[in-house]
Amino acid sequence: MAVVFEKTKALTDVPFHYCPGCTHGIVHRLVAEVLDELGVVGQTVGVASVGCSVFSYNYFNCDMVQAAHGRAPAVATGIKRAVPENVVFTYQGDGDLAAIGMAETVHAATRGENITVIFINNAIYGMTGGQMAPTSLPGQITQTSPYGRDTATAGHPIRVCELLSTLSGTALAQRVTVDSVKNVNIAKKAIKKGFQNQIDKKGYSIIEVVSTCPTNWGLTPEESMKWLRENMLEYYPLGVYKDIDAEGGDK
Amino acid sequence: MAEKVLMKGNEALAEAAIQCGCKHYFGYPITPQTEIAAYMSKRLPKEGGVFLQAESEVAAINMVLGATAAGVRSMTSSSSPGVSLKSEGVSYIAGSDLPALIINVQRGGPGLGGIQPSQSDYWQATKALGHGDFQMFVLAPSTIQEMVDFVPLAFEVGEKYRVPSMILSDGMLGQMMEPVEFPEKKDTAIAEKPWATNGHQNKRPKNIVNSLYIEPEVLENLVKERYERYEKIKAEEQRAEEFMTEDAEIVIVAFGASSRVARSAIKTAREEGIKVGMVRPITLWPFPEKAIEKTIPTAKKYLCVEMNMGQMVDDVRLVVNGRKPVEFFGRTGGVIPTPAEVLDQIRALAGKEM
């Protein structure tokens with residue numbers, strides 16, 4: 001009988017602990033499929049960051065290191081510099097990457113550190129129970145912005161791809177989402193490009209995935225996808241913000 | 001026998017690291033340790049190594065974590081305020097059972113403090129460089145030769161027991177020059193690191209370097225297992241120099257720079273007929289309890305000489321355990337005690353006692 005579907009070998013058999021409607025599962029799957037298709041699982045080292053995805057070290061079938069909150073780019077730098085033949089990726093949330101780890105992120109990018117960064121932006125701190133994130137939208141109600149994010153006192157959300165696209169070391173900065181089959185396919189293509197860039201030694205690649213957090217948003221999975229489309233994509237437009245392969249280099 | 005060369009402490013330490021196979025250095029500028037980073041930046045690219053000036057001390061120690069997880073010898077260096085910033089990473093290194101070398105060329109504190117030599121990070125190094133139950137292997141050099149010799153030792157012990165190591169130096173040893181000789185035996189790194197996360201190549205199960213354990217019983221068992229290793233280190237790795245202690249009635253305990261001062265005071269006091277000697281801890285953790293214990297039969301009094309407000313004296317008192325009085329003399333803030341000051345202390349103790 002012809003095999004029409006196979007589970008990617010780059011994922012272990014450990015069941016995901018993620019909530020229903022959370023997009024971590026889809027993104028894990030895409031990263032794993034890309035590692036499989038590029039045939040690099042055996043030489044890959046992943047860096048799990050603090051947040052819901054910290055347990056990703058149990059899910060990916062490659063060597064994994066768990067980093068301190070925000071420090072994944074520094075840990076990845078150490079791994080990559082020690083064994084440059086390794087394929088090294090970080091998997092980071094918005095609190096990790098854009099708040100506590102912003103210095104590590106900006107400097108890894110500006111050094112053109114030859115790593116691939118998967119950035120999950122769901123506008124909230126998931127693991128600690130739904131606090132305001134650096135990417136929480138203006139007016140967004142969270143546990144620590146109970147009256148809605150007031151930009152006068154809590155500042156404005158950070159647009160990470162736009163920010164990193166200004167740095168010469170960034171090879172690819174692309175924002176995607178996984179709310180539809182079409183967008184899942186675009187996301188996979190972007191992730192694959194991010195890893196291919198590393199193999200081709202092109203520098204720092206970041207793929208920002210606009211994601212959901214139904215549990216902490218207080219919405220059903222279906223409502224979450226709707227909220228993502230109607231609110232997040234307006235503030236965080238999808239697209240390629242930097243691609244050194246594209247003509248002229250920048251968008 | 002290798003030729004002796006005149007070198008500055010910080011540079012000698014850096015050269016020793018390169019010679020024993022540490023080719024991955026991550027650091028950040030801070031006085032009085034910056035010569036280590038500068039030397040590494042000059043030498044490592046020519047040795048096929050990696051010098052990286054990190055964006056912060058926090059990043060530097062996490063780069064060390066990554067490199068050491070990938071299986072190579074790696075180090076970072078800093079001075080007191082910078083070492084505080086590294087404490088998070090050191091705790092993760094300890095919690096992940098990784099070896100790594102951290103250098104602290106101490107200066108006065110707290111806060112930004114000063115830039116002159118100090119020993120006021122003794123507690124930090126031996127009790128709590130970071131959160132959680134853990135220890136580091138801590139060596140205290142007192143000469144530039146020891147700045148050289150302790151580098152391979154720190155790596156070897158750290159790799160054997162999979163614990164972070166620290167060389168607790170100070171601004172005096174970092175900045176002064178002395179003739180040194182480099183060991184003949186070069187790269188002593190152990191080849192087999194089956195725990196390393198450097199790609200399984202589809203030939204072994206995946207490795208995970210991790211310090212997160214949600215189940216309390218699991219975490220407790222891991223910590224207990226680590227403490228069994230600490231007990232082995234305590235039993236096998238204590239080091240101290242015993243100087244004129246055979247008949248010593250006054251036993252000075254001093255490490256690093258202050259032991260140099262104490263040594264000259266002891267020589268003068270001996271000429272005056274005072275039976276004084278010194279135990280110089282070389283390992284600050286494990287604390288050399290055995291060497292202190294050996295002096296109990298002749299000792300009438302102990303005097304701890306430190307460049308702080310009295311930190312190691314706690315450990316001396318724990319060993320002496322009330323059997324003899326333990327006095328303290330120290331200068332702090334970057335002030336180095338003079339031999340005359342220490343001699344006065346010895347004379348006073350001798351006068352009171354004899």
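A: Helices (H or I, at least four residues) and strands (E, at least two) are runs assigned by DSSP and numbered from the N terminus. This is a predicted model, where local features need pLDDT of at least 70 and side-chain atom pairs count only at pLDDT 80 or more, while totals for chains, interfaces and linings use all residues. Residues are numbered from 1 along each chain as its sequence is written, and chains are lettered from A and ligands numbered from 1 in the order in which they are written.

How many residues of chain B are in contact with chain A? There are 35 of them, and they touch 28 residues of chain A; contact means that the C-beta atoms, placed from the backbone, lie within 7 Å. On the chain B side, at least two residues each come from strand 2 (24-27), strand 3 (50-53), helix 3, helix 4 and strand 9 (208-209). Helix 3 of chain B gives the largest share, nine residues. Sorted by class, this side of chain B has 16 nonpolar, 16 polar and three charged residues. (Ala, Val, Leu, Ile, Met, Phe, Trp, Tyr, Cys and Pro count as nonpolar, Asp, Glu, Lys and Arg as charged, and the others, Gly among them, as polar.)

Now stay with helix 3 of chain B for a moment. Helix 3 (residues 57-69) packs against helix 4 (residues 80-95) of chain B at an angle of about 30°, and their axes are 8 Å apart. Axes are lines fitted to C-alpha atoms, for helices over the stretch in contact, and angles run from 0 to 180 degrees between N-to-C directions. From helix 3 of chain B, the contact takes in B:Glu57, B:Val58, B:Ile61, B:Asn62 and B:Leu65, while helix 4 of chain B brings several residues, including B:Leu85, B:Val90 and B:Ile93. That contact has seven nonpolar, three polar and three charged residues.

Strands 2 and 3 of chain B, which also touch chain A, belong to an open sheet of seven strands in the order 3-2-4-5-7-6-13, with mixed pairing. Strand 3 and strand 13 (283-285) of chain B are the edge strands, each pairing on one side only. From one strand to the next, the twist averages 20°. Further in, strand 5 (residues 100-106) and strand 7 of chain B pair in the parallel sense over seven bridges, and B:Asn104 has B:Leu168 of strand 7 as its bridge partner. Chain A shows up again here: helix 3 (residues 72-82) of chain A packs on this sheet, touching strand 2, strand 3 and strand 4 (74-78) of chain B, and its direction makes about 155° with that of strand 2 of chain B.

Next, zoom out to the domains, whose bounds come from an automatic or database domain assignment. Chain B is divided into domain 1 (5-199 + 210-236) and domain 2 (240-353), with 27 Å between their centres, taken over C-alpha atoms. Between the two, 27 residues of domain 1 of chain B are in contact with 22 residues of domain 2 of chain B. Helix 5 of chain B supplies the largest share of the domain 1 side, four residues.

Finally, there's a second sheet in chain B, an open one of five strands in the order 10-12-11-14-15, again with mixed pairing. Strand 10 (240-243) and strand 15 (326-330) of chain B stand at its edges with a single partner strand each, so one side of each has no neighbour in the sheet. Four bridges join strand 11 (residues 250-253) and strand 14 (residues 301-306) of chain B, which run parallel; B:Val251 stands opposite B:Tyr302 there. Helix 11 (residues 312-320) of chain B lies across strand 11, strand 14 and strand 15, running at about 160° to strand 14 of chain B.

Conventions:
Pairing = 2+ DSSP bridges.
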